[in-house]
Amino acid sequence: MVYKGVIFDLDGVICFTDRYHYQAWKEMADDIGVYFDEKINNRLRGVSRMASLDIILERSEKQYTKEEKERLAEWKNDRYRELLGKMTTEDLSEEVKTTLEKLKEKNLKLAIGSSSKNAKLILSRIGLADYFDAISDGTNITHSKPDPEVFLKAAEYLGFEPGECLVVEDALAGIDAAVAGGFASAGIGEAATHKKVTYPLKNFSELAEVV
Ligand code: BG6
Ligand code: MG
């Protein structure tokens, strides 16, 4: 298959902000005395901020009101953005940079398809503010992954059909979203184990060999 576009998840694919998400949620969970670990954290990949909080609070005995939940999510986001503040262009790996360049040389159009409302901030911290041909993120969707909306919007912004694009993901929910939207997918990390992933990848650079 010859693709015209590649749509990248951001957190855990282009850069490793997933560890900052974990750290900020962990501090919040410890503060309210709710058990949280890396395994539960894996369920938050690709999932929106409020849906992530609901997953963490499954372990809580206390019922939180909508207002309390909004305050917790806000606390987590403030802490997360503080951690993002430490990121620099050094946080973009050579492997990712070189692979993206190779894809551009093949005349592929590149887009971001991320559930995050902080996507543009992250891209600017790692020096990719103007790099992608389109950005679809948490600010232009109403349903987060596993719903395909974020990828459908990315394809639309690129001017391509889903069947002409490849989605690159690290999250199981992201592969579910790609499948639901009619996209081929490449999975790294846990996403490579998804039964319906088109290309299970060992690492990011392998991407240049499948497109
Ligand atoms: C996704 C992350 O990219 O963005 C999720 O994988 C996160 O873990 C989601 O919850 C929303 O991010 P943000 O930055 O809007 O809180
Ligand atoms: Mg991800």
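## Close-up views of a predicted model

**View 1. Strands E4 and E5 run parallel, joined by four bridges.** The model shown here and in the views below is predicted. E4 is mostly covered, with five of its five residues buried. Cover comes on both faces of E4. Cys165, Val167 and Glu169 are buried on one side. Leu166 and Val168 are buried on the other. In a regular strand, side chains alternate between the two faces of the sheet.

**View 2. Strand E1 pairs with E4 and with E2.** E1 and E4 are parallel and share four bridges. Here Gly5 stands opposite Cys165 of E4. E1 (residues 5-8) also pairs with E2 (residues 109-113), again in the parallel sense and over four bridges. Gly5 has Lys109 as its bridge partner in E2. Ile7 stands opposite Ala111 of E2.

**View 3. Strand E2 continues the pairing to E3.** The E2 and E3 strands are parallel and are linked by three bridges. Ile112 has Ile135 of E3 as its bridge partner. E2 is mostly covered: four of its five residues are buried.

**View 4. Six strands form an open sheet with parallel pairing.** Their order is E3-E2-E1-E4-E5-E6. Strand E3 (134-136) and strand E6 (199-200) stand at the edges. Each has a single partner strand, so one side of each is left without a neighbour in the sheet. Helix H7 (residues 149-158) packs on the sheet and touches E1, E2, E3 and strand E4 (165-169). The direction of H7 makes about 160° with that of E3. Helix H8 (residues 172-181) also packs on the sheet, touching E4 and strand E5 (184-187). The direction of H8 makes about 165° with that of E5.

View 5. For Val47, a backbone N or O atom lies 2.7 Å from an oxygen atom of the ligand. For Ser116, a polar side-chain atom is 2.7 Å from an oxygen atom of ligand 1. On its own, ligand 1 has 390 Å² of accessible area, and the protein covers 96% of it.

**View 6. A cis peptide bond joins Lys145 and Pro146.** Omega is about 15° at this bond. Pro146 lies in the loop between E3 and H7. H7 is the helix that touches E1, E2, E3 and E4.

**View 7. Asn107 has a positive phi, near 65°.** Asn107 is a residue other than glycine. Its place is the loop between helix H5 (94-105) and E2. Is Asn107 buried or exposed? Its relative accessibility is 69%, and exposed means over 50%, so Asn107 counts as exposed. In E2, by contrast, four of five residues are buried.

How values were computed
Residues numbered from 1 in each chain as written. Chains lettered and ligands numbered in written order. Predicted model: local features only at pLDDT ≥ 70, side-chain atom pairs only at ≥ 80, totals over all residues. Heavy atoms only, no water. Pairing = 2+ DSSP bridges. Helix = DSSP H or I, 4+ residues; strand = E, 2+ residues; numbered from the N terminus. Contact = heavy atoms within 4.5 Å. Axes fitted to C-alpha atoms, helices over the stretch in contact; angles between N-to-C directions. Polar contact = N/O pair within 3.5 Å; in protein donor to acceptor, adjacent residues only side chain to side chain. Areas by Shrake-Rupley, 256 points an atom, 1.4 Å probe, with all protein chains shown as cover. Buried < 20%, exposed > 50% of the residue type's maximum accessible area, 1.4 Å probe, protein only.
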